[in-house]
Structure formats: structure tokens, C-alpha cells
Amino acid sequence: MPSFDTVSEANLVEVKNAVDQSNKEITTRFDFKGSDARVEQKEHDLTAYADSEFQLGQVRDVLTNKMTKRNVDVRFLDHGKIEKIGGDKVKQVIKVKNGIETEDAKKIVRVIKDSKMKVQASIQGDAVRVTGAKRDDLQAAMSMLRQEIKDLPLEFNNFRD
């Protein structure tokens with residue numbers, strides 16, 4: 001039976017490149033001269049540092065611009081709360097989402113079932129597998145998911161015929 005997997009995974013290589021480019025721009029910008037503004041990456045966690053909340057907003061703007069230029073969807077970013085480090089210095093942890101959470105997976109399955117298409121959806125860990133009798137039904141399901149689910153950056157892979 002033909003099937004495909006619906007996943008939500010960021011390209012971590014492009015995320016790293018965007019972080020590197022952001023740090024490069026931050027070090028050369030005049031408004032960041034003499035400040036401790038930077039972005040660090042540890043696996044799926046990015047940490048933005050700055051001297052004030054205003055500068056932290058500027059660092060986030062630089063980061064999102066670089067991510068957009070590298071074709072990384074900014075919906076992958078989950079901004080944490082701003083924490084004070086010491087003095088006026090602040091930091092913010094930004095998580096890079098990877099995989100589809102359970103409640104989002106249930107929402108995808110519900111959307112597919114409510115559409116009355118001739119496909120079935122099942123949750124497979126952090127992905128949703130959609131199976132159907134015909135390839136055309138699966139392609140229709142893909143386009144319908146792109147239209148209905150706007151808050152998640154969905155990708156479709158593992159297409160089997």
C-alpha cells in the first residue's frame with residue numbers, strides 16, 4: 001500500500017550556519033561594539049546573550065533573518081523566557097523543535113479523518129504515517145495538510161508506492 005510520513009524536522013546544518021552567520025554579523029555591527037551579544041548552539045538549544053532586553057531583541061531579529069535566508073522555517077523556534085544573568089546582562093533559551101508532539105499528531109490525524117478522504121493516518125513516534133490505496137489520494141492528503149495545518153512546518157518524506 002502506498003504511504004508517506006509527515007514529519008517536522010529542522011535542518012540542523014542550516015541552523016548551525018545561520019547561528020554562525022548571526023554571530024559574524026553581531027561582531028561587526030556598530031550598535032553591538034563592546035557588548036557581550038552572541039548566540040550559542042547546543043544540539044537543539046540556542047542561547048542568545050545580550051547586555052539588555054532591547055539588544056536581545058536585536059540579536060533575535062538577526063538570528064531569524066539569517067534563518068529565513070538559509071530556508072529554515074522560523075516556526076521551528078520556540079522562544080523561552082528572558083532570564084537575567086547578572087547586572088544588566090540577559091539571556092534567552094530558544095529551542096529548535098524536532099518531531100511532532102502528541103497533541104499536534106492527534107490534530108493531524110483528526111484533520112485527515114474529518115476530510116473523509118480514502119486514506120488512514122496513524123501516529124508513529126514523532127511522525128504521522130498516512131497510507132492509502134492510490135497515490136493520488138496521498139497527494140491530495142499532502143496538499144490538504146499544507147492548507148489546514150498552518151502553525152507547524154510540515155514535511156513529507158519516506159513516500160512509498
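1. Let's start where two helices touch. In H1, the residues Val 15, Ala 18, Val 19, Gln 21, Ser 22, Glu 25 and Ile 26 meet Val 59, Val 62, Leu 63, Lys 66 and Met 67 of H2; contact here means heavy atoms within 4.5 Å. Sorted by class, this contact of H1 with H2 has 8 nonpolar, 2 polar and 2 charged residues. Ala, Val, Leu, Ile, Met, Phe, Trp, Tyr, Cys and Pro count as nonpolar, Asp, Glu, Lys and Arg as charged, and the others, Gly among them, as polar.

2. A word on the background. This is a predicted model, in which local features need pLDDT of at least 70 and side-chain atom pairs count only at pLDDT 80 or more, while totals for chains, interfaces and linings use all residues. Residues are numbered from 1 along each chain as its sequence is written, and side-chain values use heavy atoms, with hydrogens and water left out. Helices (H or I, at least four residues) and strands (E, at least two) are DSSP runs, numbered from the N terminus.

3. How do H1 and H2 cross? The axes of helix H1 (residues 12-28) and helix H2 (residues 53-69) come within 8 Å and cross at roughly 135°. That makes H1 oblique to H2, since angles under 35 degrees count as roughly parallel, over 145 as roughly antiparallel, 65 to 115 as roughly perpendicular and the rest as oblique. Axes are lines fitted to C-alpha atoms, for helices over the stretch in contact, and angles run from 0 to 180 degrees between N-to-C directions.

4. Now look at the sheet beside these helices. Its 4 strands form an open sheet in the order S2-S3-S5-S4, with antiparallel pairing; two strands pair if DSSP finds at least two bridges between them. Strand S2 (38-42) and strand S4 (77-86) are the edges, each pairing on one side only. Strand S3 (residues 45-50) and strand S5 (residues 89-96) run antiparallel, joined by 6 bridges, and Ala 50 stands opposite Val 90 in S5. H1 lies across S2, S3 and S5, whereas H2 lies across S2, S3, S4 and S5.

5. A second open sheet, also of 4 strands, has the order S6-S7-S1-S8 with antiparallel pairing. At its edges are strand S6 (119-124) and S8, each pairing on one side only. On average, neighbouring strands of this sheet are turned by 25° against each other, direction ignored. Helix H3 (residues 102-114) packs on the sheet and touches S1, S6 and S7. Helix H4 (residues 135-148) packs on the sheet too, touching S1, S6, S7 and S8.

6. Is Thr 6 buried or exposed? Thr 6, in strand S1 (residues 3-7), is buried, with a relative accessible area of 0%. Buried means under 20% relative accessible area, exposed over 50%, and partly exposed in between (1.4 Å probe, protein chains only). Leaving aside neighbours within four places in sequence, the contacts of Thr 6 include Ile 100, Ile 108, Leu 145 and Phe 156.

7. Finally, two backbone angles to look up. Most residues other than glycine have a negative phi. Asn 71 is not a glycine, yet has a positive phi of about 60°. Asn 71 sits in the loop between H2 and S4 and is exposed, with a relative accessible area of 73%. Asn 158 also has a positive phi, near 60°. Asn 158 belongs to strand S8 (residues 155-160) and is partly exposed, at 31% relative accessible area.
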